[in-house]
Amino acid sequence: MLNLIRLTQAGFHIVRAGALGFVDVDEVPPVAARFVRFARLFEPRGLSDTERGRRLSARLHRLGPSYVKLGQFLATRPDIVGNDAAEALSGLKDEMPPFPTEEAKAIIEINLGRKVEEIFTSFSEPVAAASIAQVHHATRFVDGEEREVAVKVLRPHVRGGFQRDLETFYAGARFLERLSAEGKRLKPVAVVQSLERTVLLEMDLRLEAAAYSELSENIIGETEFRVPAVDWAHTGRDVLTMEWIDGIKLRNTAGIIEAGIDRQNLARIVVQSFLRHALRDGFFHADMHEGNLFVDREGRLVAVDLGIMGRIGPKERRFLAEVLYGFIKRDYLKIAKLHIEIGYVPPIHSAEDFAQALRAIGEPIHGQRASEISMARLLGLLFEVTALFNMQTRPELILLQKTMVVVEGVARRLDPDFDMWAAADPVVTEWISRHLGPVGRLEEAADSLREIGKFVEHLPDTLTRVESAVDRLAAFSAGGIKLDDQTVDRLADAGTKELFWTRWAVRLGGLALVVMAAASLWR
């Protein structure tokens, strides 16, 4: 009942913002359409889409940090909230009122066990405040030299507030799934679960520090992208101290122009850095909006606020690379077959039919300037097609999809004529050549041989366990289930035969892999 009351209150605020004006009642199930028509009786009249977006952002800020985060997540799901609402939410700035500096100092002292004045030679008022934490500019002596640092401090009581709101989100998501089959296909509960995991990680700043450390190791050798160094000695669960970045935020277009920085090249770096980290490492910054990106004096892209990181496994990396490569090369049948092969589209559908639908999405974006392509229409068609072919929401791809949309938006604001596909081509082609070419096949064969080697290594233990199991079965049959001697002998003989064929299967499998590896090299 309490969750229902909270959900109703939040819903009233969202209705009063005019958010339901984004909803086309002809495109939602009948039950939902009746609810939308009733709720619209309470919304203001005559609002433009721009005004709706502004009011919606303001209402979410008023509802609190959890709703700001939810709004940012829903901005990545036009299939749930609609294209216009997603576009409005994508402009939601994660800028919250700061909490008092004295509270921040108290949190630092609790986490680090020392007074702020003992650690830092100076400590400023908040310079940035977001939904989870705020940042202070400070200085401290390191090796006899005064250095500038950024001190990120978690908001007080944010964990309890988020947990309370999370229960409300789950209640609303379960209601949506029960509402219709379409609601179940969109998996709103999985979306809330993804939000929960992400924010719980964000609320331990030691994990964010670990993300900086891991990403910095992954990018060793890169000359166009970097992240700040972490001061581990002054980092705790609620406090993160790191190098201060003296650069221009990417949202400061005028500053970038004044500094004479090549915006077209910077847009390329943004997109290629994201794709390289996602494909090569499977670990990427999943919150790459302009407020979290700087360009330094050397023209390098510097990423901060690594509270939200994305991970994808080998299967998802291959899916991303081959889909992008297929769109770049306009090989729609290959993309369709990959969707069916991996299981993203049920095999009851024809690959040729799905390829035809993908062609309807891909062809309009080729040969056009980026400024002439409507991403809203493109996304609308994409989600319409996936619904037609029963493609289920993939929770493991939500952050990836969100980041791709955000990254392209950042690049396009830097360069209105930016071509996403031309920028992606060299990174994707390199990955395809490296992992799906002869070298990649040989490495895959070597990995399989190593796995077989481990299996063969454990065969003696397997034999011992089988023999022990046969002995125990014989002993049990003497006092429990009655098996005659011939039955026990047949069971033992079957186990021996199974091991015999297992040995030969291992040998033949190893030989086949060697032949496959050799054949790969000769292609």
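User: What makes two strands a pair, and how many bridges join strand S2 to strand S3?

Analyst: Two strands pair if DSSP finds at least two bridges between them. In this predicted model, strand S2 (residues 133-142) and strand S3 (residues 145-154) run antiparallel and are joined by 10 bridges, and because the definition asks for at least two, they count as a pair. Within this pairing, Thr-139 stands opposite Glu-148 in S3, and in the hairpin, which has two residues between the strands, Asp-143 takes a positive phi near 55 degrees.

User: What makes S3 and strand S5 a pair?

Analyst: Five bridges join S3 to strand S5 (residues 239-243), and the two run antiparallel; since at least two bridges are required, S3 and S5 also pair. Here Lys-152 stands opposite Leu-240 in S5.

User: Why is the pair of Phe-120 and Phe-123 called tilted?

Analyst: The structure holds two aromatic pairs, and in the one formed by Phe-120 and Phe-123 the distance is 5.8 Å centre to centre, with 40 degrees between the planes. Phe-120 and Phe-123 are both buried.

User: Why is the pair of Phe-274 and Phe-284 called edge-to-face?

Analyst: The ring centres of Phe-274 and Phe-284 are 5.5 Å apart and their planes stand at 85 degrees, which is over 60, so this pair is edge-to-face. Because Phe-274 lies in helix H14 (residues 263-281) and Phe-284 in strand S7 (residues 283-285), the pair ties together parts that are 10 residues apart in sequence. Phe-274 and Phe-284 are both buried.

Technical notes: Residues numbered from 1 in each chain as written. Predicted model: local features only at pLDDT ≥ 70, side-chain atom pairs only at ≥ 80, totals over all residues. Heavy atoms only, no water. Helix = DSSP H or I, 4+ residues; strand = E, 2+ residues; numbered from the N terminus. Phe/Tyr/Trp six-rings, centres within 6.5 Å; stacked < 30°, edge-to-face > 60°. Buried < 20%, exposed > 50% of the residue type's maximum accessible area, 1.4 Å probe, protein only.
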